[in-house]
Amino acid sequence: MSALHVPTLAVVLTLVAFALALAVGLAAWGQREPDGLGVWGAGLALMGLSFGVLLALGWLPWPRLGLATGNALLAASYATALWALAGFRHTRWPWWRVLAPVAMVAAVSWVLADRPVLRFGVLNALFALQWVGLLLATHRWRDAMPGRGRCVLMLGAALVLAVFLLRLGALALGHTALAKPFEPHPVQSAAFLLGLTGLVVLTVGYVLMSKERVDADHVQEALIDALTGVPNRKALLEQLHRTLAQAAREQRPVAVLMLDIDRFKRVNDTWGHVAGDAVLAAVAQCLKGGLRAQDFLGRYGGEEFLVVLPGTGEVGAATLAEHLRTRVERLVVPWEPEDIRVTISIGVHVMPLATPSEMQALIDAADHAMYTAKRTGRNRVVVSGSPDELPREGSAPPREG
Ligand SMILES: Nc1nc2c(ncn2[C@@H]2O[C@H](COP(=O)(O)OP(=O)(O)OP(=O)(O)O)[C@@H](O)[C@H]2O)c(=O)[nH]1
């Protein structure tokens with residue numbers, strides 16, 4: 001290990017830090033949703049700068065100032081890494097949390113400039129504390145970082161922390177020669193290798209976290225209807241399929257409500273398409289607010305919504321449908337020159353023992369009941385199979401009584 005030339009390793013570390021800063025900066029450039037990646041890149045640049053200053057100490061006219069600056073930049077780069085993570089979590093990060101460790105490290109470097117062993121010990125302890133803080137924060141903020149990127153990042157942080165623990169351990173065992181900057185020593189070689197590996201792993205972890213966030217957003221966008229903010233048809237059908245499969249396993253009923261805004265064309269024709277959009281969004285949120293936690297609402301098509309009620313029988317489904325109908329009836333959508341009110345017609349169908357293969361039949365039956373509600377006056381609820389329902393084409397007329 002001592003064959004590994006420490007100053008060369010330090011130069012490699014400097015170049016790698018700058019190269020990663022450039023790559024990360026390019027990746028973060030023009031990001032739609034900033035997630036701290038740009039700040040992470042700035043931290044890498046600060047790290048490269050700090051090693052540059054420390055490597056140039058021998059040539060600087062004021063080595064004491066150079067030492068304090070180089071170490072302060074290193075503390076700043078570590079503090080910036082934590083700041084970036086706070087940004088990933090959309091947490092406001094006060095300036096003092098970045099500046100406090102920087103000021104402390106600068107003061108220690110300056111005051112203990114003539115006591116290299118003590119300075120080396122205190123500085124490595126302070127840096128180790130910064131990385132313990134970063135590891136703890138990453139663990140505490142795991143909800144905001146649910147993917148594998150966080151694990152990779154924590155591995156990188158552990159490797160960097162190991163650098164300072166290794167140096168502190170060696171110092172405690174009497175290897176005081178380490179205290180000279182870039183002194184050839186197997187422990188220093190190992191520390192630089194660990195640091196280099198940790199830096200790369202950390203950055204890969206952060207970029208992975210950023211990518212996982214974007215992927216999750218895309219999945220979410222693909223399943224949410226942009227206008228109304230409720231699940232779209234694809235998400236709705238997938239959820240209904242899952243609900244039917246679970247209901248079949250548990251031998252429980254599933255109810256489906258098909259809801260359609262009455263005379264919606266008139267809303268568009270009277271107040272314009274933008275008003276129609278506002279009404280659609282307001283109705284969707286109104287319906288959503290009237291559901292129980294286990295129920296599921298989605299936009300089935302134009303002005304049609306579908307509600308899935310797992311484990312709900314006919315009486316419960318009809319009661320909930322009536323509740324939704326009155327909620328929408330009371331809804332007032334603010335608009336100029338006059339507020340807009342609409343009503344909805346609802347068709348209800350319940351399958352006591354449904355299976356996923358009957359999904360389309362379930363929807364069609366609710367749709368037909370809704371069609372009956374339209375044809376028999378609108379602003380009403382019709383339960384499929386009830387005497388109210390009009391006969392379906394090609395089917396037997398509804399039973400009497
Ligand atoms: N503003 C807006 N209008 C939509 C949207 N999707 C569908 N529509 C309109 O919804 C209207 C549906 O009209 P129809 O199917 O004739 O039904 P209706 O006027 O609601 O009458 P009934 O259903 O019989 O009560 C059409 O004018 C569509 O253009 C949308 O996303 N935004």
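These legends accompany close-up views of a predicted model.

**View 1. The shell around the ligand.**
The ligand is surrounded by 17 residues. R263, F264, D277, R299 and R378 are the closest. Sorted by class, the shell holds nine charged, four polar and four nonpolar residues. Three elements each supply at least two of the shell residues: strand β1 (254-261), helix α9 (264-271) and helix α10 (273-289). The biggest share comes from α10, which gives four residues.

How much of the ligand does the protein bury? Taken alone, the ligand exposes 670 Å², and the protein buries 68% of that.

R378 is among the closest residues to the ligand. It sits in the loop between α12 (359-375) and β5 (381-383). Its phi is positive, about 65°, although R378 is not a glycine.

H90 lies between α3 and α4 (95-111), in the loop that links them. Its phi is near 60°. That is a positive value in a residue other than glycine. H90 is exposed, because its relative accessible area is 56% and the cut-off for exposed is over 50%.

**View 2. T80, inside helix α3.**
T80 belongs to helix α3, which spans residues 63-88. With a relative accessible area of 4%, T80 is buried. Which residues does T80 touch, leaving aside its neighbours within four places in sequence? The contacts are V39, G43 and L46.

**View 3. V98, inside helix α4.**
V98 is part of helix α4. This valine is buried, at 7% relative accessible area. Once neighbours within four places in sequence are set aside, V98 is in contact with A79, W83 and W93. F51 is 47 residues from V98 along the chain. The C-alpha atoms of V98 and F51 are separated by 19 Å.

**View 4. The cis peptide bond at P337.**
The bond to look for runs from E336 to P337. This peptide bond is cis, with omega near 5°. P337 itself lies in a loop, between α11 (314-330) and β4 (344-351).

Is C286 buried or exposed? C286 counts as buried, because its relative accessibility is 9% and buried means under 20%. C151 is partly exposed, with a relative accessible area of 46%. How many disulfides does the model contain? The count is zero, where a disulfide needs a pair of cysteine sulfur atoms within 2.5 Å.

Terms used: Residues numbered from 1 in each chain as written. Predicted model: local features only at pLDDT ≥ 70, side-chain atom pairs only at ≥ 80, totals over all residues. Heavy atoms only, no water. Near = heavy atom within 4 Å. Areas by Shrake-Rupley, 256 points an atom, 1.4 Å probe, with all protein chains shown as cover. Nonpolar A, V, L, I, M, F, W, Y, C, P; charged D, E, K, R; others polar. Buried < 20%, exposed > 50% of the residue type's maximum accessible area, 1.4 Å probe, protein only. Contact = heavy atoms within 4.5 Å.
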